[in-house]
Amino acid sequence: MGQKVVLRERIVDESPRDDLIRRERFPHIWCPGCGLGTVLKCYVEAIAASNIPPDKHVIVSGIGCTGRIAGYVRLDSYHVTHGRPIAFAEGMKIVRPDLEVTVISGDGDLVTIGGNHFIHAVRRNVDINVFLVNNFIYGMTGNQMGSTTPLGAKSSTSPYGCPEPPFNLPLLAAALGAPFVARWTTLHVRQLADAMKRAMNVKGFAFIEIISPCPVGFGSYNDLRDGRDYIKLFLENCIVDHSADLNKVGITLKPGEPIILGNFIDREAPTYHDLELEVFKKAGWLK
Amino acid sequence: MSGELKLLKPGTYFMMGNIACVEAALIAGCEFYAGYPITPSNEIAEHMSRRMPQLGRHFIQMEDEIGSIVAVCGASAAGVKAMTATSGPGFSLMMETIGLAAMLELPCVIVDVQRAGPSTGIPTFVGQGDVMQARWGSHGDYELVVYAPSSVQEFFDLTIEAFNTSEWLRIPVIVLSDEVVGHMYGRLVVPEHDKITIINRKRYTGPKEAYLPYSHESLVPAFVAAGDGYRIHMTGLTHDERGYPSLEIEDSHRLVERLVMKVRKNARSLWKYETFYIDDADVIVVTFGITARSSEEAVRRARSEGLKVGMIKLLTLWPFPEEPIRIASQYARRILVAEINMGQLIHPVREVAECPVAGINYPIGYAPPPEYILDGIRAAV
């Protein structure tokens with residue numbers, strides 16, 4: 001914005017969470033202004049606060065910008081095929097219920113190509129955490145529209161405006177019975193880290209939609225060309241309403257229409273593991 | 001009651017092929033099964049759903065075959081033996097993730113009970129049209145092992161073998177069965193359990209600092225599971241020995257070479273085949289699966305007619321048993337490849353054979369009657 005940016009002479013060598021970050025892999029691949037660094041930071045803070053030993057935490061991600069997050073976390077980490085991290089996490093969690101398995105991946109990965117696995121994992125209530133980073137676009141492949149792109153938004157495959165309405169993800173997850181459903185942005189770092197920590201301790205499928213800036217991709221097509229444009233958007237449009245009517249939390253990104261955030265749902269429901277133990281009893285394995 | 005007691009006891013049984021496959025998997029130590037309904041493999045999932053919980057093991061019916069094979073990979077990454085079963089259309093859906101299992105070096109077993117294709121084909125009829133797909137179906141360079149049973153006993157034996165091979169080489173292994181072998185009832189002899197070889201993947205237990213999950217020091221790196229405390233990274237991206245994504249051509253070359261060579265260099269010990277009357281044979285029938293049963297009878301009848309005919313039944317289709325076929329071709333005048341497709345296995349046979357090779361291709365849908373094979377033999381003689 002016309003101001004000269006002065007780089008610090010010395011780049012810091014350490015971070016207080018180096019035990020949880022693969023710093024040898026930095027610099028990361030993410031663009032300037034991207035929210036994924038913040039997501040990574042919130043995730044490791046949540047792990048540190050989770051009271052679950054890091055060796056028991058596992059991260060699984062799929063393909064895309066967000067998918068790269070597994071490679072930067074010093075945990076058992078799996079970077080699998082496009083759309084499939086939830087199914088991978090289910091297989092892992094079912095045979096190792098003691099592991100705290102978290103899927104962090106993008107909107108395209110988890111609810112577009114991987115939408116089928118998403119809905120069924122929520123329905124089964126497998127005890128995993130799914131942190132979906134929604135940047136409204138396929139960033140890595142060159143900014144194509146997806147199932148979360150707001151109606152009318154431009155992208156490299158919607159030059160006339162996206163012709164399809166997007167998912168309302170908190171409503172979808174809640175309708176399928178998810179015990180924990182939240183939405184935050186990368187501006188709301190404290191609330192996001194707290195929600196992640198809560199998700200790790202929720203019994204059952206915990207879902208957080210994280211609204212994240214993509215100034216280089218989505219933003220360049222939609223007048224949000226700078227990270228600061230997103231911060232302004234979030235500051236001016238976000239409303240925290242934990243008891244919001246989820247039918248009305250769809251995101252339009254239209255001027256004057258709010259982005260509603262909150263920890264919408266926190267409830268108990270029998271998990272896949274609980275129900276499998278019942279099967280083991282009926283089969284005679286357990287008394 | 002301990003799990004050991006609930007495994008199928010040693011003895012002689014009259015059993016369906018698909019059921020024998022399940023009992024073999026249980027004895028091999030399979031702890032996780034994920035599958036999606038598809039004919040003609042359903043008895044495998046059905047029997048698994050009954051048997052696995054009896055042993056405190058896991059059965060899940062996934063939302064599709066992609067989810068099934070991916071969940072199998074997740075379970076394998078957590079350190080357990082895992083399998084899925086399917087047929088043609090589901091097998092097609094699994095291809096991308098078979099490549100992931102090869103790349104992450106996650107042991108797993110995929111049973112394909114072949115049916116008539118292409119596309120939906122005839123779900124209840126037999127086919128052998130997945131020979132090439134089983135070997136080449138996923139993109140990129142990798143190698144895996146494909147076994148093909150022709151009887152209930154072989155379905156049992158090769159399922160255990162598939163688990164052993166997958167654990168030994170850290171690869172996906174495919175049991176390429178077919179509708180007839182899957183649904184036929186036949187004699188099954190289960191040996192004393194302590195006489196059955198069970199192989200478990202080599203686990204790393206050394207110091208954390210020294211561990212390289214994808215070390216090139218040996219062809220098969222030692223495995224660590226999620227939760228073992230090594231905090232490893234596995235990625236489908238081309239990776240270096242640490243498991244980290246790499247754009248270095250050298251890393252790519254060494255990785256792909258090792259993925260391929262671990263199978264190629266062990267090919268001889270992976271080749272399983274049986275020979276019938278080949279010592280003086282002018283004509284040799286090379287075949288596999290249910291077609292081998294018809295062919296065996298056809299060869300017997302040909303012998304009774306005085307024709308010098310032999311047969312090689314391949315139990316390992318991939319890596320292709322080149323040497324036995326090549327040697328046989330140096331003595332025979334002609335090789336006939338019998339299969340229920342328009343000609344698939346004939347290609348690797350032709351590649352190595354030093355005599356003329358022709359196909360006996362039976363229309364997809366039924367097991368060929370021995371007369372059909374015999375007609376082919378007579379024409380060749």
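This is a predicted model: local features need pLDDT of at least 70, side-chain atom pairs count only at pLDDT 80 or more; totals for chains, interfaces and linings use all residues.
View 1. Helix 13 of chain B, residues 370-380, lies across strand 12, strand 13, strand 15 and strand 16 of chain B. For helix 13 of chain B, the angle to strand 15 of chain B is about 160°.

**View 2. An open sheet in chain B has 5 strands in the order 11-13-12-15-16.** The pairing in this sheet is mixed. Strand 11 (273-276) and strand 16 (357-361) of chain B stand at the edges. Each of these two has a single partner strand, so one side of each has no neighbour in the sheet. On average, neighbouring strands of the sheet are turned by 20° against each other, with direction ignored. Strands of a sheet pair through backbone hydrogen bonds, and the pairing can be parallel or antiparallel.

**View 3. Strand 12 and strand 13 of chain B run parallel and are joined by 5 bridges.** Strand 12 covers residues 283-287 of chain B, and strand 13 covers residues 309-314 of chain B. Which residue of strand 13 of chain B is the bridge partner of B:Ile284? The partner is B:Gly310.

**View 4. Helix 3 and helix 4 of chain B have axes that come within 8 Å.** Helix 3 consists of residues 65-77 of chain B, and helix 4 consists of residues 88-104 of chain B. Their axes cross at roughly 20°. Because of this angle, helix 3 of chain B is roughly parallel to helix 4 of chain B. The crossing of the two is right-handed. On the side of helix 3 of chain B, the contact is made by B:Glu65, B:Ile66, B:Ile69, B:Val70 and B:Cys73. Helix 4 of chain B contributes residues including B:Gly90, B:Leu93, B:Met94 and B:Thr97. By class, this contact of helix 3 with helix 4 of chain B has 10 nonpolar, 2 polar and 1 charged residues.

**View 5. Helix 1 of chain B crosses helix 6 of chain B at roughly 30°.** Helix 1 is residues 17-28 of chain B, helix 6 is residues 152-169 of chain B, and their axes come within 8 Å. Helix 1 and helix 6 of chain B are therefore roughly parallel to each other. Their crossing is right-handed. Among the residues of helix 1 of chain B that make the contact are B:Ala20, B:Cys21, B:Ala24 and B:Ala28. From helix 6 of chain B, the residues in the contact are B:Val152, B:Phe155, B:Phe156, B:Thr159, B:Ile160 and B:Phe163. By class, the contact of helix 1 with helix 6 of chain B has 11 nonpolar, 2 polar and 1 charged residues.

**View 6. Chain A and chain B meet in a contact that takes 32 residues from chain A and 38 residues from chain B.** On the side of chain A, the elements that give two or more residues are strand 2 (76-79), helix 2 (85-95), helix 4 (115-124) and helix 9 (272-282). The largest share of this side, 8 residues, comes from helix 2 of chain A. By class, the side of chain A that touches chain B has 15 nonpolar, 9 polar and 8 charged residues.

**View 7. Strand 2 of chain A runs parallel to strand 10 of chain B.** Strand 10 is residues 233-235 of chain B, and 3 bridges join the two strands. The bridge partner of A:His79 in strand 10 of chain B is B:Thr235.

**View 8. A cis peptide bond joins A:Phe26 and A:Pro27.** Its omega is about 5°. A:Pro27 is found in the segment before helix 1 (36-49) of chain A. In chain B, the peptide bond from B:Trp318 to B:Pro319 is cis, with omega near 0°. B:Pro319 has its place in the loop between strand 14 (316-318) and helix 11 (322-331) of chain B.

**View 9. A:Asn125 has a phi near 60°.** This is a positive value in a residue other than glycine. A:Asn125 lies in the loop between helix 4 and strand 4 (129-134) of chain A.

Terms used. Residues are numbered from 1 along each chain as its sequence is written. Chains are lettered from A and ligands numbered from 1 in the order in which they are written. Two residues are in contact if their C-beta atoms, placed from the backbone, lie within 7 Å. Helices (H or I, at least four residues) and strands (E, at least two) are DSSP runs, numbered from the N terminus. Ala, Val, Leu, Ile, Met, Phe, Trp, Tyr, Cys and Pro count as nonpolar, Asp, Glu, Lys and Arg as charged, and the others, Gly among them, as polar. Two strands pair if DSSP finds at least two bridges between them. Axes are lines fitted to C-alpha atoms, for helices over the stretch in contact, and angles run from 0 to 180 degrees between N-to-C directions. Angles under 35 degrees count as roughly parallel, over 145 as roughly antiparallel, 65 to 115 as roughly perpendicular and the rest as oblique. A crossing is left-handed if the near helix is turned anticlockwise from the far one by less than a right angle, and right-handed if clockwise.
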